[in-house]
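Biologist: I'm new to reading models like this one. Could you take a close look at the aromatic ring pairs and talk me through them?

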Amino acid sequence: MKFVAQILTVALVCLALQLFLPWWSLAIGAFVVGYLFAMNGWASFAAGLLGVGLLWFGMAWYIDYTTQSILTTKVALMFPTKNVPLLFLATSLIGGLVGGFASLTGSAFTYKKRKW
Amino acid sequence: MKIFKISLSLLITAALIYALDRSWGQIPPLGRFLDPFGGFWQNAERNSTSSTTLEIPGLTAEVSVYYDSMMIPHIYAQNEEDLFRAQGYVTAAHRLWQMEFQTHAGAGRISEIIGAAALDFDRTQRRLGMMYASENALKLMDGDPIAKKMVDNYTAGINAYIESLTPKTLPFEYKLLGYEPEPWTNLKCAILLKNMAKTLNMGEKDFEMTNALHLFGKETLNLLYPDMEGVGDPIVDNTGKWSFKPVQLDTVPLAVPSELLAKTPLEKPNKDVGSNNWALAGSRTATGSPLLCNDPHLNLSLPSIWYTIHLNAPGYNSMGASLPGAPAVISGFNDSIAWGVTNAQRDLVDWYKIQMKDTSNNEYLSDGKWKPVRKVVEAFKVKGGATFYDTILYTHHGPIVYDKSFHGESEQSLHAFRWVSHDPSEEILTFYKLNKGKNHGDYMEALNHYSSPAQNFVFAAANGDIAMRIQGRYPVRRTDEGRFVLDGTKTQNEWRAFIPNEQNVMYKNPERGFVSSANQYPADATYPYYITASSWEAYRNRRINQVLATLTKATPADMMKLQFDNYNLKAAESLPTFISHLDTMKLNATEIAALKTLRSWDYYNNIDSEGASYYEAWWDALRPMIWDEMNNDKLALDYPTTFTTIKLIREQPTLSFFDIVSTPAKETAKELLQKSFSEGVAAIEKWKAEKNKSPRWADFKDSYIGHLLRQEPLSVHVEHGGNHDIVNANSRTHGPSWRMVVSLEKTGVKAWGIYPGGQSGNPGSQYYANMIAYWAKGKYFSLPFVDASQISSRSIAVHKLNPSTK
């Protein structure tokens, strides 16, 4: 549950930041959310990756849909893969990776291993 | 341990951001580029437009911009200052990246954008004196109050747009290449015009002709490369009626340096650069009012070279094609007159052999005295590399393009480059005055300001006048002067005088009821000045005149049909001869079938025509086979023209040039035609096997409109007929870059136009290439030349530009 909450929070915070700031501001958002949620490394990384990845995918899909793919198909052909789904995957993955590592960094400050 | 984890994770995050925020060679800054909130995704435009109000600094009053259904802006300003400011803003909003890229190319600055691969191109541009020419042009622009008003405001408008950009709204190509626009300057307007002049003037072949003279002798030279081919009508057919007293120069022996000249790396403009224009008098039209047409043939590219615009302010109301980067309309009309341009082809470029005192290159010889060389150091920023410095040697003739540091063969072989476009000029005033012109007198006055690149200006007026004037600044030349490299040590070889404007080739309302030009020779040998050119057109011009001469009740539809005319006069004149030389006993089954296709061909290079494919493939194999003597790896040499080649096949089939040098046999035109026919058919068979379809002409030719960055996905392949030497002059990469038809009716001027592209330069816009499909079918859009109240009801968007309150 906390994991899903973190994904949603990352997506929302990064959405707000990216409306005004450059793309790399998502790292700040993911970092802060990772810090606050204080999950373990893997979970925090995955939450950042999925949160930003989904955000980027969603926004890219929305633009693609409302513009009838007018630019997506051209840009996809400019990459060696020449494939539209792969362009979406690359977009999601690149945002997601930065989000994931930023989130991981944030959680590394606050996550405490349970003692048993 | 924890601190290690934190550091490692932080480091990876930072490294990722760094790596994804910059370009790596050809790879764009992936993070920035793929970010859907600011990257390329944001350049995708929705299929709807909105009206808006914008604030533009420096405007004095509100300007209304109405976009019609083709996204053509109709600008209504309250004074000319605001008009040009709005033109700059609106043009930049659609074409900024292209404008900057083209002026970077003109200025030799492409290395800054794409890296060291462009350094050779950049150095050539600077060494040809492109900046020297542009700075000279700027001086005159700044000195003239009208030109200064135009350019200052146009520049300010572009800069207002640049300042309004955010990382999100940056044009697509900037995001792709990872850079940002710099402020526009008046100098960039000059660079743009000089770069166009270079495209139109650099077909010169002085090195090639000098070598041909030395290798083959004068007699053969004149056989292969005659100054005039004596075919068709000159543009101004005015035999013996030249009533002025020409400027006379003392005759001096032509001093051509004796050595052979190496091939230069200078990329020659494609020979398919050319144009058509014509005007019919009311006596030949259905309405009784003149019709005027223009279609300039240039390298077809995206974003398009032209931008259609309607400019309106008190005392100013003009519409037509503008060049993004220059104020005013270039080929267009207003409520009283219309005009259009084709290239005049004249040789306005000379090369002078320079004799230096010693290898320090500090002094050179001129009339027995040593003159100082001016050394200019040019800096070239290189993307991903160190700044490169190049020293260019300037003589009083102009810059030395090749020397030991740049493709020079030897110390001994230095040539200074003299180009009429190096001189100060004020072409921008010509277009201003044409835009505002009311009659023939205004047209004549406007052209008096025009120097280069020399153009055939067609004219028609609603009052019934039609005219043609071959305007430019032409040196007075002695016979053969300008054809060859000249001895630069004697000032007597230099340009001593220019032909006075009023003695240029021109006429008004000729008896035949039409004027036309298609890059053919301007006047016959009775014109009192010696004229030479890179080449004269031999086919389009005759076809146009043949068709125009038959028209008595011409309509705009007839004009559109003629601009789209695919009749291959060259084929009609040559194919029967070619076929007559074939020995059908030697043909295989495929070749027999090909011959049958050719025999039944109607000489039209239409989209579906297979005969055209076989003919063009034959010709493409034949021409280099004949002129194998000119295929020299080291020496600069050029092929004779198509017309001369065909003439020699018909009249002198046993000429020694028909022998293939590399074979022991002694070939004549007959053997070459047989051999090239087999090669041509083989080329088509190979194509058929690869493509697995029949060789329709449009498929075989594969017309291509390429993006300026040569990015295939941003380019368009199009089915289109025609070819070079045909009125519809679309070869694979070149062709009608703008088609315009204007009917100058007294009840109101009507006009139609189209170009192979779209108003928007943004590949993410539906207006990026939306006209191409219509262009390819020979269709036109009506250009709504109406007042603000009428256009507002049919506009798709209105932009109100207001003076900035800041």
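Modeller: Happy to! Let's begin with two residues, B:Phe578 and B:Tyr615, both of which are buried (under 20% relative accessible area; exposed is over 50% and partly exposed is in between, with a 1.4 Å probe and protein chains only). Keep in mind that this is a predicted model, where local features need pLDDT of at least 70, side-chain atom pairs count only at pLDDT 80 or more, and totals for chains, interfaces and linings use all residues. Residues are numbered from 1 along each chain as its sequence is written, chains are lettered from A and ligands numbered from 1 in the order in which they are written, and side-chain values use heavy atoms, leaving out hydrogens and water.

Over all chains, the search finds 48 aromatic pairs (rings of Phe, Tyr and Trp, its six-membered ring, with centres within 6.5 Å; planes under 30 degrees apart are stacked, over 60 edge-to-face, the rest tilted). B:Trp97 and B:Phe101 are stacked, because their ring centres are 4.8 Å apart and their planes are at 25°. They sit four residues apart in helix α3 (residues 80–106) of chain B, so about one helical turn separates them (helices are DSSP runs of H or I, at least four residues, and strands of E, at least two, numbered from the N terminus). Both B:Trp97 and B:Phe101 are buried.

Back to B:Phe578 and B:Tyr615: with centres 6.2 Å apart and planes at 10°, this pair is stacked too. B:Phe578 belongs to helix α15 (residues 569–581) and B:Tyr615 to helix α17 (residues 610–626) of chain B, so the pair ties together parts 37 residues apart in sequence.

Finally, ring pairs join A:Phe57, A:Phe79, A:Phe88, B:Phe33, B:Phe40, B:Trp41 and B:Phe172 into a cluster.
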